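Subject: Handover of a structure, with findings

Dear colleague,

Please find below the structure that I am handing over to you.

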Amino acid sequence: MVLLRHISTALTAAVAALGSALFIALSFFYTRRVRSAHADYCPISEEEEERGKRQVLVLGLDGAGKSSLLQSLTSGDWAARRGRCRPTRGGWCRPTRGFNFISLNISAVQLDFLEVGGGEDLRRYWLDYLRKTHVLVFVVDSSDRPRLPLAKAELHRLLRAEPQLPVVVLGNKQDKAHAVSGSELHEALALHAVTADRKLFLLTSQLDSGAVRKSCQDLDTFQNLLLQLL
Ligand SMILES: Nc1nc2c(ncn2[C@@H]2O[C@H](COP(=O)(O)OP(=O)(O)OP(=O)(O)O)[C@@H](O)[C@H]2O)c(=O)[nH]1
Ligand SMILES: [Mg+2]
């Protein structure tokens with residue numbers, strides 16, 4: 001049993017490392033690194049900014065609905081109305097063992113959505129992705145009351161790391177019994193403690209794959225907000 005657990009931990013770490021390595025390789029391919037005398041590099045190149053490329057980082061605890069959000073953005077009427085999209089990985093409804101990436105072209109802006117899995121072993125890598133990001137979307141399972149304190153701790157860890165980064169908190173699974181309301185979520189996540197100079201918004205949603213149509217309005221609001229923040 002102990003041996004099996006060790007093997008499982010090693011495999012999980014290997015998959016996480018592989019996911020990170022793949023993302024770094026992908027980033028290297030798509031961005032031009034600008035090295036300074038101190039071998040530091042500019043994470044978002046001016047060239048990218050000018051081309052209207054913006055990165056939206058999607059984080060949140062495992063099972064919160066991050067993949068469902070990406071899937072909703074690339075599904076059905078909403079995507080058809082809003083623009084061309086190209087998912088690069090399958091397996092939306094399984095826990096994400098590395099990352100998922102989609103790209104939407106909307107009004108001359110390329111929105112690159114990157115989800116990094118929310119499992120405990122993957123959260124330690126979250127901070128590595130913040131520097132390349134224009135907006136952070138933090139998805140919370142509003143019905144997972146026992147883990148709201150953990151969601152709060154993880155969110156505030158990210159906020160401390162990037163004091164200026166605009167943030168959209170998405171209180172998902174509003175359709176579920178016992179889901180907390182937007183105002184309860186505001187309290188539970190201590191959003192009142194966030195300083196006024198940060199752009200921070202709280203939206204609620206239900207992104208269950210069976211409810212894509214119902215969530216169109218949520219997604220419209222979400223997308224319009226992102227475009228304003230970028
Ligand atoms: N009832 C309900 N279920 C949802 C909703 N959004 C997502 N789900 C379900 O919640 C489960 C987890 O959703 P995912 O999108 O895979 O969660 P995730 O945040 O990507 O999780 P990780 O990849 O493990 O970090 C799936 O079975 C979804 O169908 C929602 O709004 N309502
Ligand atoms: Mg996922």
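Helices and strands are DSSP runs, the former of H or I with at least four residues and the latter of E with at least two, and both are numbered from the N terminus. This is a predicted model, in which local features need pLDDT of at least 70 and side-chain atom pairs count only at pLDDT 80 or more, while totals for chains, interfaces and linings use all residues. Residues are numbered from 1 along each chain as its sequence is written, and chains are lettered from A and ligands numbered from 1 in the order in which they are written.

Overall composition

The protein chain contains nine helices and six strands. A residue is called buried if 20 or more other C-beta atoms lie within 10 Å of its own, exposed if 12 or fewer do, and partly exposed in between, with C-beta atoms placed from the backbone. On this basis, 30% of the 230 residues of the protein chain are buried. Two residues are in contact if their C-beta atoms, placed from the backbone, lie within 7 Å. Of the contacts in the protein chain with a separation of 6 or more, 71% are between residues 24 or more positions apart.

The sheet

Two strands pair if DSSP finds at least two bridges between them. The six strands form an open sheet with mixed pairing, in the order 2-3-1-4-5-6. Strand 2 (99-106) and strand 6 (200-204) each have a single partner strand and stand at the edges, so one side of each has no neighbour in the sheet. On average, neighbouring strands of this sheet are turned by 20° against each other, direction ignored; the axes behind this angle are lines fitted to C-alpha atoms, for helices over the stretch in contact, and angles run from 0 to 180 degrees between N-to-C directions.

Strand 1 (residues 53-59) runs parallel to strand 3 (residues 109-116), and six bridges join them. Strand 1 also pairs with strand 4 in the parallel sense, over four bridges. Val56 has Phe113 as its bridge partner in strand 3 and Val135 as its bridge partner in strand 4. Six of the seven residues of strand 1 are buried.

Strand 4 is joined in turn to strand 5 by six bridges, and the two run parallel. Here Asp141 stands opposite Asn172 of strand 5. Strand 5 is largely enclosed by the rest of the structure, because six of its six residues are buried. Val167, Val169 and Gly171 cover one side, and Val168, Leu170 and Asn172 the other.

The nonpolar core

A nonpolar core is a set of buried Ala, Val, Leu, Ile, Met, Phe, Trp, Tyr and Cys residues joined through C-beta atoms within 7 Å. The largest one has 39 residues, and Val58, Phe113, Val137 and Phe138 have the most contacts inside it. Among the elements that give two or more residues to this core are strand 4 (135-141), helix 7 (148-161), strand 5 (167-172) and helix 9 (216-229). Strand 4 gives the most, with six residues. Leaving aside residues up to four places away in sequence, Phe138 touches Leu59, Gly60, Leu155, Val167 and Val169.

A residue is near a molecule or strand if its C-beta atom, placed from the backbone, lies within 6 Å of it. There are 23 residues around ligand 1, of which Ser67, Ser68, Pro95, Thr96 and Gly118 come nearest. Helix 3 (residues 66-73) provides the largest share of this shell, three residues. Eight of the eight residues of helix 3 are buried, Ser67 and Ser68 among them.

Two loop residues

Pro166 lies in the loop between helix 7 and strand 5. Pro166 counts as buried because it has 20 C-beta neighbours inside 10 Å. Its contacts, not counting residues up to four places away in sequence, are Val135, Lys199 and Leu229. Pro166 and Arg198 are 32 residues apart in sequence, with their C-alpha atoms 6.3 Å apart.

Ser181 is found in the loop between strand 5 and helix 8 (182-188). Ser181 counts as exposed, because it has 12 C-beta neighbours inside 10 Å. Its C-alpha atom is separated by 8.2 Å from that of Gly171, 10 residues away along the chain.

With kind regards
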